[in-house]
Amino acid sequence: MSGAILEMRRIAKHFGGVTAVNGATLAVGTGQIVGLIGPNGSGKSTMVNLVSGEFLPDEGEISFNSEVVTHLPSYRRARLGMARSFQLLRLFSSLSVEDNLVLANHMRMKAGFVDSVLSRKNARLEEATARTRARELLSWFDLQEFASQPVAALSIGQQRMVEIARGMMSQPSLFVLDEPAAGLSPPNVDRLIDLVRRLRDEFGISILLVEHVMRVVRDLCDHVVVLDAGQKIAEGRPEDVVNDPVVIEAYIGSGWKRRAQA
Ligand SMILES: Nc1ncnc2c1ncn2[C@@H]1O[C@H](COP(=O)(O)OP(=O)(O)O)[C@@H](O)[C@H]1O
Ligand SMILES: [Mg+2]
């Protein structure tokens, strides 16, 4: 795809005897919201981990902004402009919401740690900049009233928003979301849909979205890729993909109808 910010070509990933991804190909166009769906165990989270660099593929190539990143570690990809959220939240629950955002900035900067120690002035300046940015983001996410509260005091829906806000600290150009609507109440799903759309529209961020909640996929995605047993079995517009007999067949017995109504 020309103008793609992310391209994954013929990717394979094995875990011992298990083939999690088997020759899958996927592209996210600049400014697009691309959905990645498929039954449980079809390889979606593995694909996300291959994008962000948590896993390295056994075969295939990944490029980001036309640069090959297939074997780059995750912190290097983060610096190039990738952010992600996790299926299970990874926040420091006893720290405040604001500190979680500031800390994310420190961790991203860790390669500059020696420089920071050598120049405490720079470190202080960097922290002040990070705090300002954290506060700006928390108001953008309408979370400012929770800034000084421990993350543990927030609802799951709010914690999800905090995790996405944290990812925004690095000013990413691609955000990868792994099941952001899981466990959210319907009003919070609405909020999430609105927020993800605004991330794209106001910041121009491209988004790869793994999601089981079909309302989210239908409302947000320009394009959907369907995985089954680690292979791409269909792709296209959401309304076409969900009615594709091949896709329905793949979901039979795996809770498709229940999820489709969620
Ligand atoms: N770290 C791992 N070690 C071993 N097997 C794994 C690992 N991660 C995923 N798998 C296996 O790979 C397959 C795809 O898993 P996953 O990518 O989590 O699927 P999905 O997110 O679509 O539910 C499953 O069979 C799963 O058990
Ligand atoms: Mg998963």
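Around ligand 1, the shell is made up of four nonpolar, six polar and one charged residues. Keep in mind as you look that this is a predicted model.

Who are these neighbours? The shell takes in Phe-15, Val-18, Ala-20 and Pro-39, and then Asn-40, Gly-41, Ser-42, Gly-43, Lys-44, Ser-45 and Thr-46.

| Residue | Polar atom from | Distance to an oxygen atom of ligand 1 |
|---|---|---|
| Lys-44 | side chain | 2.8 Å |
| Ser-45 | backbone | 2.9 Å |
| Gly-43 | backbone | 3.1 Å |

Ligand 1 would expose 560 Å² if taken alone, and the protein buries 61% of that area. Two elements each give two or more residues to the shell, namely strand E2 (18-29) and helix H1 (44-52). The largest share comes from H1, with three residues.

Now for a look at the second largest pocket, which holds about 300 Å³ of space. Its lining counts 16 residues, and those closest to the centre are Phe-141, Asp-142, Leu-143, Met-161 and Arg-191. Helix H6 (156-168) and helix H7 (186-203) are the elements that supply two or more residues to this lining. Which helix gives the most to the lining of the second largest pocket? That is H7, with five residues. Sorted by class, the lining of this pocket has seven nonpolar, four polar and five charged residues.

Terms used: Residues are numbered from 1 along each chain as its sequence is written. Chains are lettered from A and ligands numbered from 1 in the order in which they are written. This is a predicted model: local features need pLDDT of at least 70, side-chain atom pairs count only at pLDDT 80 or more; totals for chains, interfaces and linings use all residues. Side-chain values use heavy atoms; hydrogens and water are left out. A residue is near a molecule or strand if one of its heavy atoms lies within 4 Å of it. A polar contact is a pair of N or O atoms within 3.5 Å; within protein, one must be able to donate a hydrogen and the other to accept it, and residues adjacent in sequence count only if both atoms are side-chain atoms. Accessible areas come from the Shrake-Rupley method with a 1.4 Å probe; for residues, only the protein chains shown count as cover. Helices (H or I, at least four residues) and strands (E, at least two) are DSSP runs, numbered from the N terminus. Ala, Val, Leu, Ile, Met, Phe, Trp, Tyr, Cys and Pro count as nonpolar, Asp, Glu, Lys and Arg as charged, and the others, Gly among them, as polar. On a 1 Å grid over the protein atoms alone, a cavity is a set of points where a 1.4 Å probe fits but cannot get out, and a pocket is an open set with protein on both sides within 12 Å along at least five of seven lines; lining residues have an atom within 4 Å of a point. Grid points are joined across faces, edges and corners, and a volume is the space filled by probe spheres set on the points.
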